[in-house]
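Welcome! Here is a short tour for anyone meeting this structure for the opening time. Take a look, then read on.

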Amino acid sequence: MSTPHVVVVMGVAGTGKTTVGPLLAARLGVPYAEGDDFHPQANIAKMSSGTPLTDDDRWPWLDAIGAWARLRAGHGGVVSCSALKRGYRDRLRSAAPGVVFVHLTGDRALIEDRMSHREGHFMPTALLDSQFATLQPLGADEAGVAVDVAGTPEDIADRAAKALAAR
C-alpha cells in the first residue's frame with residue numbers, strides 16, 4: 001500500500017506518534033520524518049524544563065514541518081506532529097494542502113502510563129494535562145481519521161493504514 005499523500009500522525013504526547021509513525025510509513029511505502037527533529041533547541045529546552053510551548057514557540061516548528069510536507073507532496077510521506085489545535089493543522093495545510101491527519105486517540109490513564117515508562121524523551125508527564133487542555137480533535141471537515149492507541153504499535157499502525165485506505 002502506498003499513498004501520494006503526506007500523513008501527519010498527530011495527538012497528545014505519549015500516544016505513540018514516534019513509534020507508530022515509522023510503522024505506518026513502512027506500511028505505506030513512504031519516508032518518515034520525526035516531528036520533534038524540527039523543533040528549535042529553545043523549544044526542547046523549554047519543554048524539558050516542564051514549561052509548555054506558546055503558539056509563538058510553535059510557529060517556526062510548524063512551518064518547518066509544513067515545508068517538509070510541501071516537498072513530499074505527490075510523493076507521500078509520514079511525519080509526526082502533535083498538531084493539537086485546528087489553527088496548527090490549518091497552518092500545516094496552508095503549507096501543504098494535501099496533508100491527511102491520523103489522530104492517535106486514547107484514554108488519559110493509558111497514555112500517562114506509557115509516558116511514565118519512556119526513556120530519553122524530553123516531554124515530562126507533567127505536561128500531559130496541558131496537552132489535553134489544548135487538544136482540539138479533528139473537525140468533520142478536516143481530512144483525516146481517528147485511531148485508538150489501545151494495543152501494540154503494530155496493531156495501531158495496521159488500524160491507521162486500514163482507516164486511511166477506507167477514507
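Helices (H or I, at least four residues) and strands (E, at least two) are DSSP runs, numbered from the N terminus. Read along the sequence, the pattern here is β-α-β-α-α-β-α-β-α-α-β-α, with seven helices and five strands in the protein. The model is predicted, so to speak of local features takes pLDDT of at least 70, and side-chain atom pairs count only at pLDDT 80 or more, while totals for chains, interfaces and linings use all residues. Residues are numbered from 1 along each chain as its sequence is written, and side-chain values use heavy atoms, leaving out hydrogens and water.

**Overall shape**

- The C-alpha trace spans about 40 × 35 × 30 Å along its principal axes.
- The radius of gyration, taken over C-alpha atoms, is 15 Å, which agrees with the value near 15 Å for a compact globule of 167 residues (the globule rule is 2.2 Å times the number of residues to the power 0.38).
- Contact means heavy atoms within 4.5 Å; among contacts between residues at least 6 apart in sequence, 75% join residues at least 24 apart.
- Of the 167 residues, 44% are buried (under 20% relative accessible area; exposed is over 50%, and partly exposed lies in between, with a 1.4 Å probe and protein chains only).

**Strand S3 and its partners**

- Two strands count as paired if DSSP finds at least two bridges between them.
- Strand S1 (residues 6-10) runs parallel to S3, joined by four bridges, and Val7 stands opposite Val78 in S3.
- Strand S2 (residues 32-33) also pairs with S3 in the parallel sense, over two bridges; here Tyr32 stands opposite Val78.
- Within S3 (residues 77-80), Gly77 and Val79 point one way and Val78 and Ser80 the other way, and all are buried.

**Nonpolar cores**

- In soluble globular proteins, nonpolar side chains tend to be buried together.
- A nonpolar core is a set of buried Ala, Val, Leu, Ile, Met, Phe, Trp, Tyr and Cys residues joined through side-chain atoms within 4.5 Å.
- The largest such core has 23 residues, and those with the most contacts inside it are Val7, Leu24, Val78, Val102, Leu104 and Leu164.
- Two or more residues of this core come from each of S1, helix H1 (17-28), strand S4 (100-105), strand S5 (144-148) and helix H7 (153-166); H7 gives the largest share, five residues.
- Leaving aside residues up to four places away in sequence, Val102 touches Val7, Val8, Val9, Met10, Leu24, Val145, Val147, Ala160 and Leu164.
- A second, separate core of 18 residues includes Leu62, Ala69, Val79 and Val99.
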